[in-house]
Amino acid sequence: MLLTLCALITALTCVSGVTVVTQKPAVVTVRTGETATMDCNLGTVTDQQTEWYKQIPGEVPQYVLRYYHGYTSVYYGSGFSSPKFTSTHQSKSDYRLIINTVEEGDSAVYYCKTWDNSVKDVVFGQGTKLTVTSSSLPPPVLTVFPPSTAELQSNKATLVCLSSQSVPFADVTWLTGGSPVSSGISTSTAVHRPDQTFQISSSLTIHTSDWNMDQLYTCKVSLGSQTSTQVKDINKSSCPTDS
């Protein structure tokens, strides 16, 4: 089952009627020796256990633990144990994974999983990206590109945001007029560059008419802490396309 974890996460996001499992935060960064916490809300599910998995990019996911609000103990996968890893619950549908005294090897994406009895299938959250670092992270460097003149001849306009950063994990969001955008976004995984930085590319596709109305768009990239968040604005009048 572990080998098909990523495929299951992708497929189950399209299942109609399935509960939505939500993980927060999307990205978290902590210093070596500190405690990392991440939350999982099971949506409409209140009578099932929660399982957590750890996945280092490019490697097979590892089963960390399972916990249920009716349990008196946490049950662990091979290589994971208390007191470093534990879990608590705030309600019958709200669970928390706690990783104590973190080390750089704990950096990974952590997925929350449950069982939705109404559709007889497993459901995963979108994952929380944990970065453990020995020093404070510098904010990412953002560059935002406007749509090309050729593309503007069609009915769409694509904005591209490039983020250069010191770690592979980041939460990239787009806003318009200060409000989050929920569609038309495509974000790549991080690419490790020769200078030992990482680059993430995110694009936002909008209607040409919206671009011509000079609406303000914002690319926001967070590495998981307040001091490692950066934003970059773009609109038609600030960077006109070539004539």
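## A buried glutamate and its partner

Glu51 is buried, with a relative accessible area of 12%. Buried means under 20% relative accessible area, exposed over 50% and partly exposed in between, with a 1.4 Å probe and protein chains only. The model is predicted: local features need pLDDT of at least 70, side-chain atom pairs count only at pLDDT 80 or more, and totals for chains, interfaces and linings use all residues. Residues are numbered from 1 along each chain as its sequence is written, and side-chain values use heavy atoms, leaving out hydrogens and water.

Glu51 forms a salt bridge with Lys113, the closest N and O atoms being 2.9 Å apart. This pair links distant parts of the chain, with Lys113 in strand β9 and Glu51 in strand β4 (residues 50–55), 62 residues apart. Lys113 is buried too, at a relative accessible area of 10%. A salt bridge here is a side-chain nitrogen of Lys or Arg within 4 Å of a carboxyl oxygen of Asp or Glu. Strands (E, at least two residues) and helices (H or I, at least four) are DSSP runs, numbered from the N terminus.

## Other salt bridges

The structure holds four salt bridges. Asp39 pairs with Arg96, the closest N and O atoms being 2.6 Å apart. Asp39 lies in strand β3 and Arg96 in strand β8, so the pair ties together parts that are 57 residues apart in sequence. Asp39 counts as partly exposed, at 27% relative accessibility. Arg96 counts as partly exposed at 28%.

Asp106 and Lys84 also meet through their side chains (2.8 Å, N to O). Asp106 sits in the loop between β8 and β9, and Lys84 in the loop between β6 (75–76) and β7 (85–91), 22 residues apart. Both Asp106 and Lys84 are buried. Glu103 joins Lys84 and Asp106 in a network of salt bridges.

## Nonpolar cores

A nonpolar core is a set of buried Ala, Val, Leu, Ile, Met, Phe, Trp, Tyr and Cys residues joined through side-chain atoms within 4.5 Å. The largest has 26 residues, and Trp52, Ile99, Tyr110 and Leu130 touch the most other members. Elements giving two or more residues to this core are β2 (27–31), β3 (36–41), β5 (62–67), β8 (94–99), β9 and β11. A second, separate core of 20 residues includes Ala170, Val172, Leu223 and Ile234.

Leu130 has contacts (heavy atoms within 4.5 Å) beyond four places away in sequence, including Val28, Met38, Ile99, Asp106, Tyr110 and Phe169.

## Pockets

A pocket is found on a 1 Å grid over the protein atoms alone: an open set of points where a 1.4 Å probe fits, with protein on both sides within 12 Å along at least five of seven lines. Lining residues have an atom within 4 Å of a point. Volume is the space filled by probe spheres set on the points, which are joined across faces, edges and corners.

The largest pocket has a volume of about 1000 Å³. It is lined by 30 residues, with Lys129, Ala170, Asp171, Val172 and Thr187 the closest to its centre. Strands β9 (108–116), β14 (171–176), β16 (185–187) and β19 (217–222) each give two or more residues to the lining. The largest share, five residues, comes from β14. By class, this lining has 16 nonpolar, eleven polar and three charged residues. Ala, Val, Leu, Ile, Met, Phe, Trp, Tyr, Cys and Pro count as nonpolar, Asp, Glu, Lys and Arg as charged, and the others, Gly among them, as polar.
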